[in-house]
Amino acid sequence: MAWLELGKKRIYMNISRALNTSSFRRVAGSSSGPIYTAQSVYASARCMPDLISHTSVGVASFFSGTKGDIRCFHASPEVWARRGDEAFGLKAPKKEKYVRKEGRNQPPVEARYVPRNVKAPKSNPDKTVEVFEGMTLVELAKRTGKSVSSLQDILTNVGEKVESEFEPLSMDTAELAAMEVGVNVKRLHSVEGTEIVPRPPVVTVMGHVDHGKTSLLDALRQTSVAAREAGGITQHLGAFVVVMPSGASITFLDTPGHAAFSAMRARGAAVTDIVVLVVAADDGVMPQTLEAMSHAKAANVPIVVAINKCDKPGANPEKVKLQLASEGLMLEEMGGDIQVIEVSALQKTGLDNLEEALLLQAEMMDLKARIDGPAQAYVVEARLDKGRGPLITTIVKAGTLTCGQYVVVGSEWGRIRAIKDMVGRLTQRATPAMPVEIEGLRGLPMAGDDVIVVHSEERARMLSSGRTRKFEEDRLRRKLNEGIPSTLESSEEVPQRVEMPIIVKADVQGTVQAVTDALRTLNSSQVLVNVVHVGVGPISQSDVDLAQACGACIVGFNIKNPPTALSQAATRASIKLILHRVIYHLLEDIGNLIIEKAPGTFETQVAGQAEVLNIFEVKGSKSKGPDVKIAGCRVVEGFVVRTGTMRLLRSGEVVFEGNCASLKREKQDVDTVKKGNECGLVISDWYDFQIGDVIQCLEQVVRKPKFIKSESGAVRIQC
């Protein structure tokens with residue numbers, strides 16, 4: 001039995017060697033492993049035939065994962081080589097027939113570009129964040145709703161280094177970060193550690209057009225500005241200081257009263273301390289009077305009523321007081337706190353009482369402001385001077401404005417080159433409530449912007465670029481929002497609109513805004529007023545080139561007449577120049593131009609009416625055609641034309657409507673038959689006439705829009 005045990009051991013050794021050999025671990029493309037294993041197992045089994053049955057179980061269990069290929073031990077090595085890949089669950093790749101591809105010389109197909117999905121910071125243009133000097137990054141993150149890390153990344157990108165989230169930030173840095181986030185910014189200035197002194201009141205004179213506002217101010221300062229105004233009405237926002245007989249000084253703002261200058265009145269109410277509401281005693285409360293009251297209430301500013309023109313024969317101050325009380329003004333005579341002064345600018349009566357009322361109101365308000373530190377100012381008006389560049393009229397609200405400082409006004413910046421008071425004298429500094437004219441900006445800002453003092457040119461440039469970018473984003477967003485309703489409405493049937501491009505040039509920035517807003521109110525369903533360009537200053541060659549490119553007309557308000565060569569160039573290019581100095585004359589001309597350009601609407605109206613008196617029948621033939629029935633009529637209203645549409649009425653009801661086939665008078669074909677004449681009339685496809693029928697002649701007419709002007713000066717186009 002020893003040889004039997006020895007045989008078993010050899011068989012087990014051969015099988016183990018075959019299983020553990022490295023050739024069994026196949027490499028891709030080799031089939032020697034299975035061949036060697038099969039040969040080794042086959043040789044061992046041939047030596048001891050009687051022991052195959054004892055080992056077949058182990059071999060079968062080994063090859064159980066190879067799809068039962070243990071039964072193929074008797075196969076030749078070639079068969080094993082051919083089936084080697086399939087034995088271990090691997091399939092050799094099939095060789096495909098090589099096919100030559102066509103079109104290799106064609107250019108490659110360009111794939112569609114898919115942009116990266118970069119998450120941009122969400123902007124919230126309606127949110128306003130208050131920033132102040134010394135606020136920390138944590139406080140700014142709470143106010144803006146952003147994380148501290150995102151604000152740190154923003155400050156790093158704009159070149160500001162912040163060591164800690166609790167490090168105090170300057171007001172300029174906080175504004176830069178807030179603008180990058182996409183929110184509006186309001187600056188808060190602290191008065192701690194500064195000198196607070198009393199300041200003169202800022203008084204805005206408001207009221208209806210031609211109620212004597214400028215005449216009242218002329219009486220106070222002994223000047224005659226109203227006589228120099230075009231058309232006798234104020235069309236600018238003026239600021240000046242009046243020294244009263246008592247020695248006190250008051251800063252006055254004179255606002256225009258025409259309906260087109262609503263934005264100017266709103267700016268005046270926003271910067272003022274007291275509003276003087278001027279009402280004519282012979283005219284009473286008018287639309288712009290009510291608008292001035294609403295501006296004052298919105299700005300939470302106290303009102304002093306001055307009833308002017310009390311010297312006129314038709315003056316009725318008591319009626320004016322009742323009208324004001326009915327509009328919600330609580331007058332002193334009726335138990336309220338609003339003072340009412342009766343004055344006459346022409347006779348200069350009641351001016352002392354008005355001065356006393358204004359000073360009393362200012363004393364009750366206890367007006368004070370800090371005099372040191374960076375200045376806060378408000379732009380009242382802006383204009384472009386040919387020799388001095390952009391000039392802004394501003395009122396200092398707090399601090400002191402000095403020459404040489406770097407300022408940021410809206411989205412423009414510059415260094416103050418000169419400061420002039422309203423008389424034209426140079427000064428080195430401007431104190432609170434003092435109106436001055438600043439020279440040295442790089443561009444023309446908008447009226448109503450704030451003046452901010454910064455410590456360096458680099459900071460001024462940075463703030464200006466950030467505000468410019470924010471202003472452009474807000475403008476595009478507003479334009480997109482305004483375009484959404486129009487796209488929704490475009491699915492409905494709307495009349496076709498004709499575009500009327502206009503270029504606006506005026507003397508000052510505030511007037512440009514007022515004229516632009518007034519022109520846009522003339523939009524109608526037929527004509528769209530498109531202001532393609534606005535500017536301050538005289539008409540230039542570039543304006544003519546732009547007008548020629550877009551087919552626009554040029555509107556110049558209160559500017560010098562263009563040179564003769566420029567006018568001739570505009571005439572050759574068929575460009576219309578509209579120059580005016582009075583706002584309602586300008587609006588009237590533009591309104592007539594809009595009516596002329598409007599396509600109008602087609603309407604059907606009754607041109608005439610005829611009564612059937614008799615019926616004639618003409619027999620037809622092969623040569624003349626079928627039978628024809630002729631209605632003998634008399635025209636009783638208007639006229640009847642052969643090209644019109646005929647409507648047949650019987651007992652007041654419409655029976656038929658068709659074209660006129662023939663119209664004759666005294667056997668002659670005619671085009672028109674007027675009232676009182678008789679005619680013969682044939683209607684196409686209608687033969688059942690009866691005596692007493694009424695035939696109406698209908699014609700298509702084009703109805704143009706109407707230019708409507710109200711008593712308050714407001715204008716509109718009615719289609």
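Q: Which residues touch the most other members of the largest nonpolar core?
A: The model is predicted: local features need pLDDT of at least 70, side-chain atom pairs count only at pLDDT 80 or more, and totals for chains, interfaces and linings use all residues. Residues are numbered from 1 along each chain as its sequence is written, and side-chain values use heavy atoms, with hydrogens and water left out. A nonpolar core is a set of buried Ala, Val, Leu, Ile, Met, Phe, Trp, Tyr and Cys residues joined through side-chain atoms within 4.5 Å, where buried means under 20% relative accessible area, exposed over 50% and partly exposed in between (1.4 Å probe, protein chains only). Of the 27 residues in the largest core, those touching the most other members are Ile 502, Leu 519, Leu 522, Leu 586, Ile 590 and Ile 594.

Q: Which element gives this core its largest share of residues?
A: Helices (H or I, at least four residues) and strands (E, at least two) are DSSP runs numbered from the N terminus. At least two core residues come from each of β20 (498–506), α15, β21 (527–536), β22 (553–557) and α18. The largest share, seven residues, is from α18.

Q: At what angle do α15 and α18 pack?
A: Axes are lines fitted to C-alpha atoms, for helices over the stretch in contact, and angles run from 0 to 180 degrees between N-to-C directions. The axes of α15 (residues 509–520) and α18 (residues 583–597) lie 11 Å apart. Their packing angle is about 35 degrees.

Q: Which residues of α18 does α15 meet?
A: Contact means heavy atoms within 4.5 Å. On the α15 side, the residues are Val 515, Ala 518 and Leu 519. In α18 they meet Ile 583, Leu 586, Leu 587 and Ile 590.

Q: How are the rings of Phe 656 and Trp 686 arranged?
A: Rings of Phe, Tyr and Trp (its six-membered ring) pair if their centres lie within 6.5 Å; planes under 30 degrees apart count as stacked, over 60 as edge-to-face and the rest as tilted. Here the centres are 5.1 Å apart. The planes are at 15 degrees, so the pair is stacked.

Q: Is Asp 685 buried or exposed?
A: Asp 685 is in the loop between β30 and β31, and its phi is near 65 degrees, a positive value in a residue other than glycine. Because its relative accessible area is 63%, Asp 685 is exposed.
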